[in-house]
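Here is a short tour of a single protein chain. Take a moment with the sequence and the model, then read on.

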Amino acid sequence: MKPRQRNRYRNSLGLPTITAILIVVASLALVGLGIVVSKNRVRALGEEQRKVESDMRLLQAEILALNNRIETLLTRDRVQPRLTGAGTLLRQITKRSLIMLKPLPPQPVEETASAPSLDPSFAQTTPQNP
């Protein structure tokens, strides 16, 4: 009787080969997972940006509507009766009541240059009145 061969079903891949394959597969899975997570994050940021932009558009439209309402409430025809009813002493401004002033002549440059300039870090130690 022949002895049985115990090593008949021996695994042809060794432990280092299986370990290397598992490491490669795990690293590829992690890279794929990282790509999916980053794409989801970019998409979420894009949706948030679109939401903020739409909120900004709505707020801008509301600001324009409020500005138009303020302009209509503060027209001269609406404000003047309120002011006269409150007993204010406001009068209308006409061209005849305005005073026109002549523009000032430009300052000569020599006046500012003739003033002695003292160094701010130098303190005066002599009295002003001897």
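Of the 130 residues in the protein chain of this predicted model, 1% count as buried, where buried means under 20% relative accessible area with a 1.4 Å probe, protein chains only. The accessible surface of the chain (Shrake-Rupley method, 1.4 Å probe) comes to about 13,900 Å², and 62% of that belongs to carbon and sulfur atoms.

What is the secondary structure made of? The protein chain has three helices and zero strands, with helices taken as DSSP runs of H or I of at least four residues and strands as E runs of at least two, numbered from the N terminus.

Confidence is given as pLDDT, the predictor's score for each residue from 0 to 100. The chain averages 82, and 75% of the residues score at least 70. Two elements mark the ends of the range:

| Helix | Residues | Mean pLDDT |
|---|---|---|
| α1 | residues 15–73 | 95, the highest |
| α3 | residues 109–114 | 56, the lowest |

Where pLDDT is low, the predicted coordinates should not be read in detail.

Now to helix α2 (residues 76–85): zero of its ten residues are buried, so this helix lies largely in the open. Just after α2, G87 takes a positive phi of about 80°.

A friendly word on the conventions: residues are numbered from 1 along each chain as its sequence is written. In this predicted model, local features need pLDDT of at least 70 and side-chain atom pairs count only at pLDDT 80 or more, while totals for chains, interfaces and linings use all residues, and side-chain values use heavy atoms, leaving out hydrogens and water.

Methods. Buried means under 20% relative accessible area, exposed over 50%, partly exposed in between (1.4 Å probe, protein chains only).
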